[in-house]
Structure formats: structure tokens, C-alpha cells
Amino acid sequence: MMRETTLLVLGLAGVLTTASVVAGILTWRAADPQSPTLVNLNQRIKAWWVMVALIAIAFLFGKDGMIVLFGLISFAALREFVTLTHSRRSDHWVLLGMFGIIIPVQYWLVWTEWYGLFTIFIPVYCFLIMPAITALHGDTERFLERIAAQQWAVMLAVYCVSHVPALMTLPIPGYENRSLLLIAFLIVTVQGSDVLQYIFGKLFGKHRFSPTVSPSKTWEGLIGGLLSASALGALLYWLTPFSPLEAAGVAFLACLMGFLGGLVASAIKRDQGVKDWGHLIEGHGGMMDRADSLVFAAPVFFHIVRYFWTV
Amino acid sequence: MAVRDSHETPGNAGRRLLGAIASATLAVLARGVTGVRPIWSGSAPSQRQRIYFANHASHGDFILLSACLPASERARTRAVAAADYWGKTRLRRFIAEDMLGSVLVHRAWTEPAQNPIKIMLDVLDRGDSLIIFPEGTRNMTDEPLLRFRSGLYNLSIARPDVELVPCWIENMSRVLPKGQFLPVPLLCRVIFGAPIAVAENEDRRDFLSRAHAALLALDPSTSRRSSR
């Protein structure tokens, strides 16, 4: 596994170096003042270096590192989601429980590999108990809106995100002790698809995919991004238990889900009247702006692998 | 309540060190929990002596505000807090005065020595900056901002050289509502607006309603909701 990890890190560093050089040349040739797109591009590339470095460090710590990393990602994403949506003073204890109980319990369930409870803890127990607590407080003002926002917050930021480290718990014959690489495969293809959609959209984008939800998404970006990300998945098959063709297919599905995740996240932001979820990652916005595709891709990817590849 | 002596004694130096450690720790905590960011929109961080006036809905308000100031400014910026709450027990008084360096004033004062304006002016005359909450109490209503009390006007008339900076504290009432002691981690911002001053011949009520409007204008939720 060490060989694959090293290859992957070297490959990513190579891609980022190329990106930095290209952006450097563009910046050098650009007239002052630089266009906002260029400034943003430079910020994004810089942030990518930091994110790749952080993930690589977490990788070194194996299973524990992944659980801590994604627990923190859940924390940041949940904080952004709850900040943006409506809540009242009577929600205080439910909100506290989301951060103080639900996140630790869900990641503890990943750590102990208790699959049965992992899959139902949030969609069954939290789903029922959270609104019960809210009702017990007796504050019915905008009740459905408040409990719905809380459910969405924990489903997206905690439940869906926790499926990434949960990939390590899948028993895949012939793939023992290598499941960290499956996480790497998912992250690289889905985040790669975001970047490729961005590049194809900037270069060839003409026909808007959904002007009312996300004006920056185009058909050209979507098709170019999905196809190239599937090809990227095929090229990375050696990280996975899949054949090259299977890798392309799984990557395609994951990236399609990722695209839909970005679309849903955009619709929520538009509804709440904001452009970004937050300011955590310079040039990208908040954690949810970067993770929205992974949020939608992870559970589907998890269950495809679980259904077809585990015993 | 005795006004604290400004002369340095060993005890005072120890208190200052304790205060510096406590405020630095709280600033780090506040950033970790709320990711708080200052938005300087109309004023910039400065060494000038200032009175920061802000909306008030939570005990965490002044911690958040001071966490947004540069460390050197934070060290000499003191929040004005109510003695009837923060002076009630020895523990509260220790937290407020020794750890946080707050200035305690009585809202219902009788003796001249307790006059809040006099106590605040003493602090200003020592060269320190102040954080005050002109609403006089934590706002628990659905109104975004309560009517201002007149302290802001009286301070400005008495010390016209001190800059008055409006600061809108966003979301802190959701992080730590009245009556709660565990904070919910939500993202907060503090928006610092352009300084205002009492105009020539401006009377108290006009100035206070202008200051009120200047602070309220910084609230992004009003513009966010209406500009969709």
C-alpha cells in the first residue's frame, strides 16, 4: 500500500505543480489589475496545496487519522449549515446535541465498525428524537421549518460525510488493509471532477445547465468534467478492487452524484440568499462549498461497493 | 464599588499577566468555536483611543468583539459590565474584573462615587479604550436593537477626542443565548462601521437615534433578506 500511496501523492503534487506553474504564467502575462477569476484561481490552487497536505498527513495516521479528519470536516460543515438556517432560542439543546453527541457517536460507530447502528443512528433515532425534543420545548413557531433544517444539517454534514471513513470498514476479499486507498480514489475522482467541470466550463461553457439554480454550471462543463473524471477513475483503477472499466463506471456514478450535490447545495444557498457557505477555505468559500459533491457521492459510492464487492 | 488603583503594585502586575493570559485564551477559544472574523467596513484597526459600542444579546458579546481586535488593542480595551450581575458573587467578580479586565458599573446607582459616567471617564483618562452596550441590557426581544441609553452621548460630550465606533455582533445571541452556559458553535462576524461623533449643537436624542441607526445599518441580515 505504501507504494500506491507514494505514487498517488507524487501524482497529485505533480498536478498541483503544473497548475501553479500555469497560473503563475497567466498571472505574469495578465495586465494589472488582475481579473477576479485569476485572483480566485490563484487562491484556489493555494488552498488545494493545503488541503492535499492535510489529507496526506491524516493518511499517515491511518484509520484514526481519517476518522478525526472527517469528524472535523463534519463539524465545520454542520456549523456552516446551522449558521445559515433558521433556529430559535428554544432549539439550543438540540443544536448542542448535534455537535456534542451526534458527531462523536456517529464517528465512534465508524471506529467500532458497528455497521448496523451506523446506518440507522441518524436516519432513525435522531430523526425521531430531535423533533420530539423540539416539541417538548413547546415552541411551535416555524416548527416544521426548524426541524427540517436540523434533519438536513445532520444528514448532509454528519451522516453522508461519515460514509467516507466508513469505506475502511468494508470487508472486500483480496483488498485487506488497503481500504484507505478506496477513500483516496473517491476523493480524487469526485474532487477531480469538480475541478475538471470548472476547467471545461471556463474553456468551453456556453449552454447553461440550470440558470435559476447555479448560473456557473454549463452542459459543456458537466459532460466534459464527467467524462474526463471517469477516465481519471479508470486510470486510477490500481488503487481499487475494480477493473479499469468498473473503475470508470463507479467514478462516473460518484461524480454524477457529486454534480447533483453541488446543484442541491446551490439551491439551498440561493434560497437562503448567500453566495458561499462560509469563508474557511480561501478562494473556495466554506467547507460545504468544497465538500458538497463528496457529501452526495460518498453514501452512494459506499453502498455500490458494499453491494457488489463485499462478501 | 472602589475604582481600581492605576498605580502598579506587584499584585497589579500579577493581575495584568493573568488578564493577558485569560483574554488571549478566550480569544483563541472564541475563534475556534465561532470562527469569528472582523469585517472592517468604514473603520480600520487603529491605535487611537476608542469607544466601541455594540448590540448586546449574550455574555459572549464582548469576548467576541475583543477577539477581533489586534492583541495590543485588546490589552487596553475594557468592557463595561453591570455590577448588579457581575459583582454579585466573588467568582463572577473575579472573572469580570481580574480575568477579563471589565469595568463594573451600577445601573441603579445612588452614591456619587458610583456614577457610571465618572467611572468610565476615569478609565478613558488612563488611556484605555472601552466596549459599551448602549442598550443597557441584553436584548431578548424580537427587535434587532433596543433604544439607546444616554451614556454614549454623555461620554462623547465629555471626551470628544475619543472615537465612537459602531460594532454589529452577528449571531452571538444564537451561540450563547441568555440563561445558557454552553455555546453552540455557529459562525460569527463582527462588523466595524465608520466612527461617528456628536455634531455641533446636536441634542442628545438626535445623536442617540443617529448612533442607533448607524449601528443597525451594519446588520447584514436586513440587507441580505431584502436584496434577494
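Is Arg142(A) counted as buried, exposed or partly exposed, and how many C-beta neighbours does it have inside 10 Å? The first legend below gives the answer. All views show a predicted model, in which local features need pLDDT of at least 70, side-chain atom pairs count only at pLDDT 80 or more, and totals for chains, interfaces and linings use all residues. Residues are numbered from 1 along each chain as its sequence is written, while chains are lettered from A and ligands numbered from 1 in the order in which they are written.

**View 1. Arg142(A) and the helix H6 of chain A.** Arg142(A) is found in the loop between helix H5 (115-136) and H6 of chain A. Helices (H or I, at least four residues) and strands (E, at least two) are DSSP runs, numbered from the N terminus. Arg142(A) counts as partly exposed because it has 13 C-beta neighbours inside 10 Å. A residue is buried if 20 or more other C-beta atoms lie within 10 Å of its own, exposed if 12 or fewer, and partly exposed in between, with C-beta atoms placed from the backbone. Although Arg142(A) is not a glycine, its phi is positive, at about 50°. Helix H6 (residues 143-166) of chain A has 24 residues and spans 33 Å from its first C-alpha to its last, close to the 34 Å expected at 1.5 Å a residue. The expected span of a helix is 1.5 Å times one less than its number of residues. At Met155(A), H6(A) bends by about 35°; the bend is the angle between axes fitted to the seven residues ending there and the seven starting there.

**View 2. Helix H9 of chain A and the glycine after it.** Helix H9 (residues 244-272) of chain A contains 29 residues. From its first C-alpha to its last, H9(A) reaches 42 Å, close to the 42 Å expected at 1.5 Å a residue. Just after H9(A), Gly273(A) takes a positive phi of about 80°.

**View 3. Gly97(A) in helix H4 of chain A.** Helix H4 (residues 92-112) of chain A holds Gly97(A). Gly97(A) is partly exposed because 19 other C-beta atoms lie within 10 Å. In sequence, Gly97(A) and Met130(A) are 33 residues apart, and their C-alpha atoms are 8.9 Å apart in space.

**View 4. Ala297(A) and its contacts.** Ala297(A) is placed in helix H10 (residues 287-309) of chain A. This residue, Ala297(A), is buried because it has 29 other C-beta atoms within 10 Å. Not counting residues up to four places away in sequence, Ala297(A) touches Leu186(A), Val190(A), Ala254(A), Met257(A), Gly258(A) and Gly261(A). Two residues are in contact if their C-beta atoms, placed from the backbone, lie within 7 Å. Ala297(A) and Leu186(A) are 111 residues apart along the chain, and their C-alpha atoms are separated by 8.3 Å.

**View 5. The largest nonpolar core.** This core has 134 residues, and those with the most contacts inside it are Val161(A), Leu186(A), Leu64(B) and Cys167(B). A nonpolar core is a set of buried Ala, Val, Leu, Ile, Met, Phe, Trp, Tyr and Cys residues joined through C-beta atoms within 7 Å. The core draws at least three residues from each of domain 2 (88-169) and domain 3 (170-311) of chain A; domain bounds come from an automatic or database domain assignment. Leaving aside neighbours within four places in sequence, Leu64(B) is in contact with Ala30(B), Thr34(B), Val36(B), Ile169(B), Met172(B), Cys188(B) and Val190(B).

**View 6. Two loop residues of chain B.** Arg147(B) is in the loop between strand E5 (129-132) and helix H7 (151-158) of chain B. Arg147(B) counts as exposed because it has 11 C-beta neighbours inside 10 Å. The C-alpha atoms of Arg147(B) and Leu208(B) are separated by 8.5 Å. Asn201(B) lies in the loop between strand E7 (189-192) and helix H9 (204-216) of chain B. With 6 C-beta neighbours inside 10 Å, Asn201(B) also counts as exposed. Its phi is positive, about 65°, although Asn201(B) is not a glycine.

**View 7. Confidence along chain B.** The mean pLDDT of chain B is 86, and 92% of its residues reach 70 or more; pLDDT is the predictor's confidence in each residue, from 0 to 100. Over residues 1-6 of chain B the pLDDT is below 50.
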